[in-house]
Amino acid sequence: MNILVTGCNGQLGNEMQLLEKDNGQHVFFNTDVSQLDITDQAAVDRFVAGHEIDCIVNCAAYTAVDRAESDRELCTTLNTVAPAYLAAAVERRGGAMIQVSTDYVFDGKAHTPYVETDTPSPDSVYGSTKLAGELAVVKFCRRTMIVRTAWLYSSFGNNFVKTMMRLGREKKELGVVFDQIGTPTYARDLAVAIMAAVNKGIVPGVYHFSNEGVCSWYDFAKAVHRMAGIGTCHVRPLHTSEYPTPANRPHYSVLDKTKIKETYGIEIPHWEESLGDCMARLMAQ
């Protein structure tokens, strides 16, 4: 298949590229905004038709959650309008689309892991635009797989893991919220799951993916410091109310992964196992 990967310079896009050498049966077209502006409908149509794209993996998104509260127009364009352009273009080719979405489509008021049939109720501009993007892609492309994920990190780009490593070495004390509960997701594991879906054959629908297990951001930070050998920084647990942000975060956003595991026959590592793998790569750099 001819596969278009958008957002190739981001965390997930970079991890997707690392898997390409073992998937030589496909031809990959890796693009970021300099190669393809996905907010330009005519450009999208030309690219998809001209390169005979059979499948689009949309890793591009507006992910600055707090800035989105005051930048709704651009956030909507990237997270809702652009995915619709991609979906419509690949539908004309009779192709398929994988749209990466987020736990922010939920308000986080649940107390048990979210399943795909739970009713979304976003509580931020970012979450609202991502949910609208899900609906737009499904509307324009029949063979659509939506993958909601959470707490994404990688050895590429900027993320919580790298920030905690840097701050842990710079500061003697650090406050991290303990009352927001979820599961970290190693972007490499998500990329492996996406590639498995591509190779097995996309079964349309909504899927949830993160690593296994549950933790708070505080637990996550402590694990990063432990694995990095940082012992000089005291990590202090904070209430969310002590660390106000422009955008509301889900207090509980654990995702149930049963559907994606059963549909595509994949095993998902525990978050600490995958964090160890990522940390080893970072420490070796």
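Student: Where is the place of Tyr186?
Tutor: Tyr186 lies in strand S9 (residues 185–186). Helices (H or I, at least four residues) and strands (E, at least two) are DSSP runs, numbered from the N terminus. Please note that this is a predicted model: local features need pLDDT of at least 70, side-chain atom pairs count only at pLDDT 80 or more, and totals for chains, interfaces and linings use all residues. Residues are numbered from 1 along each chain as its sequence is written, and side-chain values use heavy atoms, with hydrogens and water left out.

Student: Is Tyr186 buried or exposed?
Tutor: Tyr186 is buried, with a relative accessible area of 1%. Buried means under 20% relative accessible area, exposed over 50%, and partly exposed in between (1.4 Å probe, protein chains only).

Student: Which residues is Tyr186 in contact with?
Tutor: Leaving aside neighbours within four places in sequence, Tyr186 is in contact with Glu15, Tyr153, Ser154, Asn211, Ser274, Asp277, Cys278 and Arg281. Contact means heavy atoms within 4.5 Å.

Student: Now Trp151, please. Where is Trp151 found?
Tutor: Trp151 sits in the loop between strand S5 (144–149) and strand S6 (152–153). Trp151 is buried, with a relative accessible area of 10%.

Student: Which residues does Trp151 touch?
Tutor: Not counting residues up to four places away in sequence, Trp151 touches a set of residues that includes Asp103, Gln180, Cys215, Trp217, Phe220 and Ser253. Trp151 and Phe220 are 69 residues apart in sequence, and their C-alpha atoms are 10 Å apart in space.

Student: Phe220 brings me to helix H8. Which residues of H8 are buried?
Tutor: The buried residues of H8 are Trp217, Tyr218, Phe220, Ala221, Ala223, Val224, His225 and Ala228. An α-helix has 3.6 residues a turn, so residues three or four places apart point the same way.

Student: What do the buried residues of H8 pack against?
Tutor: They pack against S6, helix H6 (160–170), strand S7 (173–177), strand S11 (215–216), strand S12 (234–238) and helix H10 (271–284). Just after H8, Gly229 takes a positive phi of about 70°.

Student: What span should H8 have?
Tutor: At 1.5 Å a residue, the 12 residues of H8 (residues 217–228) should span 16 Å, and the end C-alpha atoms are 16 Å apart, which agrees. The expected span of a helix is 1.5 Å times one less than its number of residues.

Student: Let us turn to the sheet. What order do the strands have?
Tutor: The open sheet of 6 strands has the order S2-S1-S3-S4-S5-S10, with parallel pairing. Strand S2 (27–31) and strand S10 (205–208) stand at the edges with a single partner strand each, so one side of each is left without a neighbour in the sheet. Two strands pair if DSSP finds at least two bridges between them.

Student: Over how many bridges do S5 and S10 pair?
Tutor: S5 and S10 pair in the parallel sense over 4 bridges. In S10, His208 is the bridge partner of Arg148.

Student: Which strands does helix H5 touch?
Tutor: Helix H5 (residues 125–140) packs on the sheet, touching S4 and S5, and its direction makes about 165° with that of S4. Axes are lines fitted to C-alpha atoms, for helices over the stretch in contact, and angles run from 0 to 180 degrees between N-to-C directions.

Student: Finally, how many helices and strands does the protein have?
Tutor: The protein has 10 helices and 12 strands. Buried residues make up 52% of its 285 residues.
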